[in-house]
Amino acid sequence: MSFDWERDFYAATDWDRGAYLGGEAMPDHLETFFERVGVPGSVADVGCGPALVPFELVPEYPETDFHCYDVAPSVVAANRERAAEADLDNLHFSVAGLPDLGVDRRFDLVYCMATLYFVADAERAVAELYELVAPGGTLVCNYPNRHTRAWVNEDTDDQRREAFELVGRGENLLSYERIRELLGRTPRSYWSAVGASDADYARRSSPAVYVTKPA
Ligand SMILES: C[S@@+](CC[C@H](N)C(=O)[O-])C[C@H]1O[C@@H](n2cnc3c(N)ncnc32)[C@H](O)[C@@H]1O
């Protein structure tokens with residue numbers, strides 16, 4: 001049976017409110033990116049999980065609306081409850097899954113970290129994420145590549161290998177070049193843009209890029 005985030009993770013474990021990739025540094029990185037591209041009026045975080053980054057940034061950016069999506073209903077419900085308890089009116093959560101999110105609006109910044117690993121049609125998912133970007137806006141995402149596949153097959157444990165089975169089989173791998181072909185725009189390194197290219201999580205098996213959409 002394949003890995004199911006709701007059944008095998010959120011309903012089965014005492015999950016923490018962390019960020020899977022980059023951990024506690026990720027809110028600062030996105031803040032640095034805001035300084036670079038301008039503070040967005042609206043942000044979509046797709047595959048938000050426990051939403052560490054939005055929960056950290058929302059109080060700092062009261063004029064920015066954060067809309068967070070995840071395929072797992074229980075993490076969305078827990079996030080909603082926490083946002084309501086803290087009176088965070090500019091933070092919204094909905095259940096939605098890539099590659100067909102069914103979200104009928106656009107955002108100044110679309111952010112998707114550590115999620116494309118789990119989507120069979122990662123190419124269609126990247127196109128869908130870019131579709132969500134408003135003219136003049138930016139997509140930030142990371143993706144699985146051939147180095148991620150090697151890491152899954154050689155360097156990780158059985159539990160993680162199960163969750164990353166699509167990557168391990170090489171079924172949903174992407175590259176800078178493929179993203180450029182799909183979107184018709186040149187991706188740039190997000191890690192470099194936020195000054196994190198030397199961080200251990202910015203290794204070649206965890207590439208993260210940003211792509212701007214013409215105004
Ligand atoms: C490794 S966690 C990453 C969470 C968060 N983005 C971070 O960086 O910590 C992957 C998240 O993607 C969600 N997910 C998996 N498949 C998805 C899909 N097809 N569409 C949207 N979310 C998905 C999972 O439920 C999980 O919360």
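Which residue is the bridge partner of F107 in β5? The partner is V133. The structure is a predicted model, in which local features require pLDDT of at least 70 and side-chain atom pairs count only at pLDDT 80 or more, while totals for chains, interfaces and linings use all residues. Residues are numbered from 1 along each chain as its sequence is written, and side-chain values use heavy atoms, with hydrogens and water left out.

The bridge between F107 and V133 belongs to a parallel pairing of β4 (107–112) with β5, which extends over 5 bridges. Strands are taken to pair if DSSP finds at least two bridges between them. Strands (E, at least two residues) and helices (H or I, at least four) are DSSP runs, numbered from the N terminus. Strand β5 (residues 133–142) is mostly covered, with 8 of its 10 residues buried. Buried denotes under 20% relative accessible area, exposed over 50% and partly exposed the range in between, with a 1.4 Å probe and protein chains only.

Aromatic contacts were examined next. A pair of aromatic rings is described by the distance of the centres and the angle of the planes. Rings of Phe, Tyr and Trp (its six-membered ring) were paired if their centres lie within 6.5 Å; planes under 30 degrees apart count as stacked, over 60 as edge-to-face and the rest as tilted. The search of the whole structure gives 18 aromatic pairs. One aromatic cluster is formed by F3, W5, F9, Y10, W15, Y20, Y117, F118, W151 and F164.

Charged side chains also lie over rings. A charge is assigned to a ring if NZ of Lys or CZ of Arg is within 6 Å of the ring centre and within 35 degrees of the ring normal. The charged end of R82 is placed over F55, 4.4 Å from the ring centre. K213 is positioned over the face of Y130, with 4.7 Å to the ring centre.

Pockets were located on a 1 Å grid over the protein atoms alone, each being an open set of points, where a 1.4 Å probe fits, with protein on both sides within 12 Å along at least five of seven lines; lining residues have an atom within 4 Å of a point. Points are joined across faces, edges and corners, and a volume is the space filled by probe spheres set on them. The largest pocket has a volume of about 1200 Å³. Its lining comprises 50 residues, of which W5, Y10, A114, T115 and F118 are the closest to the pocket centre. Helix α1 supplies the largest share of this lining, 5 residues. By class, the lining of the largest pocket contains 31 nonpolar, 8 polar and 11 charged residues. Here Ala, Val, Leu, Ile, Met, Phe, Trp, Tyr, Cys and Pro count as nonpolar, Asp, Glu, Lys and Arg as charged, and the others, Gly among them, as polar. The second largest pocket holds about 160 Å³ of space. Its lining includes Y20, Y117, W151 and F164, residues that are also members of the aromatic cluster. The lining of the second largest pocket divides into 6 nonpolar, 4 polar and 2 charged residues.

Backbone geometry was considered last. Most residues other than glycine have a negative phi, and most peptide bonds are trans. A114, which is not a glycine, has a positive phi of about 55°. A114 lies in the loop between β4 and α5 (122–131) and is buried at 12% relative accessibility. D87 likewise has a positive phi, near 55°. D87 is located in the loop between α4 (73–85) and β3 and is exposed, at 60% relative accessibility. The peptide bond from L98 to P99 is cis, with omega near 10°, and P99 is in the loop between β3 (91–95) and β4.
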